[in-house]
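Morning, everyone. I have one structure to walk you through, and I will keep it brisk.

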Amino acid sequence: MCINIVVVDDDPGFRRIAATLLTARGLRVVAECGDGTSALAAVREQRADGMLLDLHLPDLDGLAVARLLSERERPPRIVLTSTDKSVWSEEELARAGIESFVAKDQLFDADLRALFAGS
């Protein structure tokens, strides 16, 4: 089963690294975005199954993007990422529609396929 992912981060270098890791794990990166507004459009246009979403973006923060996507009929699975540990509780993240949080420095070791497949 092919899982389509949108990578959202304002750092182009991190987007490339994340896309490489996701592809190596058997996921298909269908779009890379540098801000929340383009991420919302990409999910709609690409019918993405999942999103690797940075917390800090230049326009909308990751929580705002996740909340907007959670209102969709079929929202994507969202994995939030950041350089600093989220100050929000797991319950707050779940209410925003976020499946999990992975620190950027731990992305390489994370089981990305399982996170996006829901296993």
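Some ground rules. This is a predicted model, where local features need pLDDT of at least 70 and side-chain atom pairs count only at pLDDT 80 or more, while totals for chains, interfaces and linings use all residues. Residues are numbered from 1 along each chain as its sequence is written, and side-chain values use heavy atoms, with hydrogens and water left out.

Start with the sheet. In what order do the five strands of the open sheet run? The order is S2-S1-S3-S4-S5, and the pairing is parallel. Strands here are DSSP runs of E, at least two residues, and helices are runs of H or I, at least four residues, numbered from the N terminus. Two strands pair if DSSP finds at least two bridges between them. S2 and S5 are the edge strands. Each has a single partner, so one side of each has no neighbour in the sheet. From one strand to the next, the twist averages 20°.

Now the pairings around S3. S1 and S3 run parallel, joined by four bridges. Valine 7 sits opposite leucine 52 in S3. S3 also pairs with S4, again parallel, over five bridges. There, leucine 52 faces valine 79 in S4. S4 is largely enclosed by the rest of the structure, because five of its six residues are buried. Buried means under 20% relative accessible area, exposed means over 50%, and partly exposed is in between, using a 1.4 Å probe and protein chains only.

Helix H1, residues 12-24, lies across S1, S2, S3 and S4, at about 170° to S2. H2 lies across S1, S2 and S3, at about 150° to S2. Those axes are lines fitted to C-alpha atoms, for helices over the stretch in contact, and angles run from 0 to 180 degrees between N-to-C directions.

On to the cores. A nonpolar core is a set of buried Ala, Val, Leu, Ile, Met, Phe, Trp, Tyr and Cys residues joined through side-chain atoms within 4.5 Å. The largest has 24 residues, and Val6, Val8, Met51, Leu53 and Ile98 touch the most other members. Elements giving two or more residues to this core include strand S1 (4-8), helix H2 (36-46) and helix H3 (62-70). Apart from it lies another core of 15 residues, among them Leu21 and Phe116.

Now the annotated residue. Which feature does UniProt place at Asp54? The unreviewed entry says "modified residue: 4-aspartylphosphate". Such annotations may be inferred rather than shown by experiment; feature names are shortened, and positions use the numbering here. Aspartate 54 is in strand S3, and it is buried, at 3% relative accessible area. Contact means heavy atoms within 4.5 Å. Beyond four places in sequence, the contacts of aspartate 54 include Asp9, Asp10, Thr81 and Lys104.

Look at that lysine. Lysine 104 lies in the loop between S5 and helix H5 (112-117). It is buried too, with a relative accessible area of 18%. Besides Asp54, lysine 104 touches Asp9, Phe14, Thr81, Ser82 and Thr83, not counting residues up to four places away in sequence.

Last, the cysteines. Cysteine 2 is partly exposed at 41%, whereas cysteine 33 is buried at 6%.
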